[in-house]
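Colleague: Could you pick one part of this model and take me through it closely? I'd like the cut-offs spelled out as you go.

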Amino acid sequence: MNIVRDKVLKDDYMCSKLCAMIKRKELRNDHKQQRKSGQWSNETRDNFIVTVLLNEDFDAIKICEQITEDNGVFLWIIDGLQKSSYIAKFKDGTFKLGKNINPTTIEYQQVKVDENGIPITDKYGDPVNETVSIDLRGKGYKDLPERLKENFDNCPVHIVKHLNCTDEEIARHIVRYNSGRPMVTNQKLATYV
């Protein structure tokens with residue numbers, strides 16, 4: 001009897017987990033059949049990072065799990081390489097945001113603090129809030145206030161994981177996911193090698 005089971009799992013990672021997994025090479029972004037990173041313009045890249053900072057939704061990153069007898073489990077990014085690469089590169093300080101972002105300024109609420117960092121309260125003991133505005137142009141991850149670093153690190157990244165894939169299934173998924181933006185001839189040929 002052939003056992004047939006679900007082959008797709010949906011999950012959410014936080015940006016901080018995604019970056020850590022890429023750094024540790026637990027989540028691989030270098031599959032030989034995958035298109036290379038760096039396909040987006042700087043403006044597209046920067047506006048995507050603003051999307052993450054605002055915790056807005058974006059399309060899922062697709063992963064193929066590949067189980068090998070001699071080397072264990074590999075998790076390959078097969079779609080979403082630009083998103084995952086730019087999340088990791090922004091966090092590690094590889095680039096700062098440019099001028100052509102929308103919005104250029106983010107406002108958020110925080111508790112007002114005194115010169116010693118102690119929250120200010122009103123006569124009833126409730127914290128006093130203030131609206132803070134930050135211009136994101138020219139800012140890198142390290143330049144952000146703690147609140148926006150938290151937003152970035154905790155932004156959910158939707159994951160679609162294809163389980164126990166063969167090389168042929170990985171190639172099929174890469175072509176399938178990249179059919180929206182045609183692959184150039186060299187990229188298509190690489191999936192059949």
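Modeller: Happy to! Let me begin with Arg-137, which counts as partly exposed because its relative accessibility is 37%; buried means under 20% relative accessible area, exposed means over 50% and partly exposed lies in between, with a 1.4 Å probe and protein chains only. Before going on, please note that this is a predicted model, where local features need pLDDT of at least 70, side-chain atom pairs count only at pLDDT 80 or more, and totals for chains, interfaces and linings use all residues. Residues are numbered from 1 along each chain as its sequence is written, and side-chain values use heavy atoms, with hydrogens and water left out.

Arg-137 has a charged partner: its side chain meets that of Asp-135 in a salt bridge, 2.6 Å from N to O. By salt bridge I mean a side-chain nitrogen of Lys or Arg within 4 Å of a carboxyl oxygen of Asp or Glu. Asp-135 is partly exposed too, at 28% relative accessibility.

Arg-28 counts as buried because its relative accessibility is 19%, whereas Asp-30, at 36%, is partly exposed. Arg-28 also takes part in strand pairing, as its bridge partner is Trp-76 in strand 4. The two strands involved, strand 2 and strand 4 (residues 72–79), pair in the parallel sense over 2 bridges; helices (H or I, at least four residues) and strands (E, at least two) are DSSP runs numbered from the N terminus, and two strands pair if DSSP finds at least two bridges between them.

Stepping back, 5 strands form an open sheet with mixed pairing, in the order 1-7-3-4-2. Strand 1 and strand 2 (27–28) stand at the edges with a single partner strand each, so one side of each has no neighbour in the sheet. Helix 1 (residues 15–23) packs on this sheet, touching strand 1, strand 2, strand 3 (61–68), strand 4 and strand 7 (156–162), and its direction makes about 105 degrees with that of strand 1. Contact here means heavy atoms within 4.5 Å; axes are lines fitted to C-alpha atoms, for helices over the stretch in contact, and angles run from 0 to 180 degrees between N-to-C directions.

Leaving out residues up to four places away in sequence, Tyr-13 touches Leu-18, Met-21, Ile-63, Cys-155, Pro-156, Val-157, Ile-159 and Lys-161. Of these, Cys-155 is 142 residues away in sequence, yet its C-alpha is 8.3 Å from that of Tyr-13.

Now to helix 3, which lies across strand 3, strand 4 and strand 7 and runs at about 105 degrees to strand 4. The axes of helix 1 and helix 3 come within 9 Å and cross at roughly 90 degrees. The two helices are therefore roughly perpendicular; angles under 35 degrees count as roughly parallel, over 145 as roughly antiparallel, 65 to 115 as roughly perpendicular and the rest as oblique. Cys-15, Leu-18, Cys-19 and Ile-22 of helix 1 meet Ser-84, Ile-87, Ala-88 and Lys-91 of helix 3. That contact has 6 nonpolar, 1 polar and 1 charged residues, where Ala, Val, Leu, Ile, Met, Phe, Trp, Tyr, Cys and Pro count as nonpolar, Asp, Glu, Lys and Arg as charged, and the others, Gly among them, as polar.

Helix 3 (residues 81–91) also packs with helix 2 (residues 42–53), at an angle of about 75 degrees and with axes 10 Å apart. That makes this pair roughly perpendicular as well. Here Arg-45, Phe-48, Ile-49 and Val-52 of helix 2 meet Lys-83, Tyr-86, Ile-87 and Phe-90 of helix 3, giving 6 nonpolar, no polar and 2 charged residues.

Finally, Lys-91 forms a salt bridge with Asp-153, 2.7 Å from N to O. Lys-91 belongs to helix 3 and Asp-153 to helix 4 (residues 146–153), so the pair ties together parts that are 62 residues apart in sequence. Lys-91 is partly exposed at 24%, whereas Asp-153 is buried at 15%.
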